[in-house]
Amino acid sequence: MKKIILVFLGCMVAILLHAQTAYDFMVPNSDGIRLYYKITDTSKGYVMLTTADGEVNPQITDKYGSQMTNLGIDTFNVPATVMYGGNQYSIKMIASYVGQSLAGGEWKIVFPEGLTTLKTYSLTYLSGFKSIYFPSTLETVGGSSFTDISSYSLSEVTLDLSRTKVTTLIDAFGGMNDAISKIIFPETLTSLGLIGLIGLKELTLPAAVNSLAYSSLMNLEILRIKNATPPTTASSSLSFPKIKKIFVPADAATAYSQAEKWSNFAGKYYGEVTIGASGYATYYLVNDNFEVPAGCTAYVITEVKKESGQYQAKT
């Protein structure tokens, strides 16, 4: 009898210690989902959204996905602030494996303004989602945050990071990631690594991207690069086996065709000209991006003005 009591008490202590280390407190959100938090900065009142199990794999206890199914809701709303013990805390971070706790349905996930960080493995193993709202305050995305995420029945899911302030996405992607058919990067992005995104057929790299740690996109067909200078890469090669066209800024095709590793795609580069808001016009450029047909003359338009309701070109 004493042994049974001791074993029981030992189990209770283990459970209590697990809860104490996994999270600091729990407060339901406005939809009734029990959200678990870990205090990261007491003086500033900052907390991290975690899970009942904490930052461990696998997630078993009181999973967010199971709660949503039981509540009959499809949106996972993370509040910007939470009250506990008479104190207000700001949610600044998403812990590892929150995505795994959300697995089990096609959810809409809404992260709050004020959130700054997705920790390593934050959304790993997120199986099933419709959309994710990333706030303008997001600055850091940890490694493998978007590894092995999928959607049960949706064939096209967009990962829209455009409103964020993220500058580096070196190791964020990995695994199969069949759910992601489109990624919109922020203009602040400078460094990038891409692999395993088998659902991507088109991709645009912002003008600030100057470094590709690696890039292997097996089904990519169209690539748009806004930087006139070819991004450097430490990778042994850039792998785009199905690429059809690579659009680059006007006059940049030669630079890309001659750059190390980018030269493997010579003949697939197309120069793009951005037309301003004052109207539209056709620009014929006597340069490496435009081949003048036999018997024709090409003009370089240096200025376009609107006079008497008509656009006049100066050559």
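The model is a predicted one, in which local features need pLDDT of at least 70 and side-chain atom pairs count only at pLDDT 80 or more, while totals for chains, interfaces and linings use all residues. Residues are numbered from 1 along each chain as its sequence is written, and side-chain values use heavy atoms, with hydrogens and water left out.

Searching the whole structure gives 14 aromatic pairs. Rings of Phe, Tyr and Trp (its six-membered ring) pair if their centres lie within 6.5 Å; planes under 30 degrees apart are called stacked, over 60 edge-to-face, and the rest tilted. Tyr 256 and Trp 262 make an edge-to-face pair, with 5.6 Å from centre to centre and 80° between the planes. Trp 262, like Tyr 256, is buried. Tyr 256 also pairs with Tyr 269: the centres are 5.5 Å apart and the planes stand at 40°, so this pair is tilted. Because Tyr 256 belongs to helix α4 (residues 253-258) and Tyr 269 to strand β23, the pair ties together parts 13 residues apart in sequence. Tyr 269 has a relative accessible area of 9% and is buried. Helices (H or I, at least four residues) and strands (E, at least two) are DSSP runs, numbered from the N terminus.

## The four-stranded sheet

Strand β23 belongs to an open sheet of four strands, ordered β17-β19-β22-β23 and paired in parallel. Two strands pair if DSSP finds at least two bridges between them. At the edges are β17 (202-205) and β23 (269-272), each of which pairs on one side only. From one strand to the next, the twist averages 20°; axes are lines fitted to C-alpha atoms, for helices over the stretch in contact, and angles run from 0 to 180 degrees between N-to-C directions.

Strand β22 (residues 245-249) runs parallel to β23 and is joined to β23 by four bridges. Opposite Pro 249 stands Glu 272 in β23. Two charged side chains sit over rings, meaning that NZ of Lys or CZ of Arg is within 6 Å of the ring centre and within 35 degrees of the ring normal. The charged end of Lys 245 sits over the ring of Tyr 270, 5.3 Å from the ring centre. Over the ring of Phe 247 sits the charged end of Arg 224, 4.4 Å from the centre.

## The three-stranded sheet

Another open sheet has three strands in the order β4-β7-β9, with parallel pairing. Its edge strands are β4 (75-77) and β9 (129-133), each pairing on one side only. Neighbouring strands here are turned against each other by 15° on average, direction ignored. Strand β7 (residues 107-110) runs parallel to β4, and three bridges join the two. Asn 77 has Val 110 in β7 as its bridge partner.

Gln 67 is part of helix α2 (residues 64-71). With a relative accessible area of 4%, Gln 67 is buried. Leaving aside residues up to four places away in sequence, Gln 67 touches Gly 32, Ile 33, Arg 34, Tyr 36 and Asp 62; contact means heavy atoms within 4.5 Å. Tyr 36 is also in a cluster linked by ring pairs, together with Tyr 23, Tyr 64 and Phe 76.

## Backbone exceptions

Most residues other than glycine have a negative phi, and most peptide bonds are trans. The peptide bond from Asn 57 to Pro 58 is cis, with omega near 10°. Pro 58 lies in the loop between β3 (46-50) and α2.

Tyr 97, which is not a glycine, has a positive phi of about 70°. Tyr 97 is in the loop between β6 (87-94) and α3 (98-102), and is buried, with a relative accessible area of 13%. Asp 148 also has a positive phi, near 55°. The loop between β11 (146-147) and β12 (157-160) holds Asp 148, which is partly exposed at a relative accessible area of 30%.

## The chain as a whole

The chain has four helices and 25 strands. Of its 315 residues, 40% are buried. Among contacts with a separation of 6 or more, 45% are between residues 24 or more positions apart.

How values were computed:
Buried < 20%, exposed > 50% of the residue type's maximum accessible area, 1.4 Å probe, protein only.
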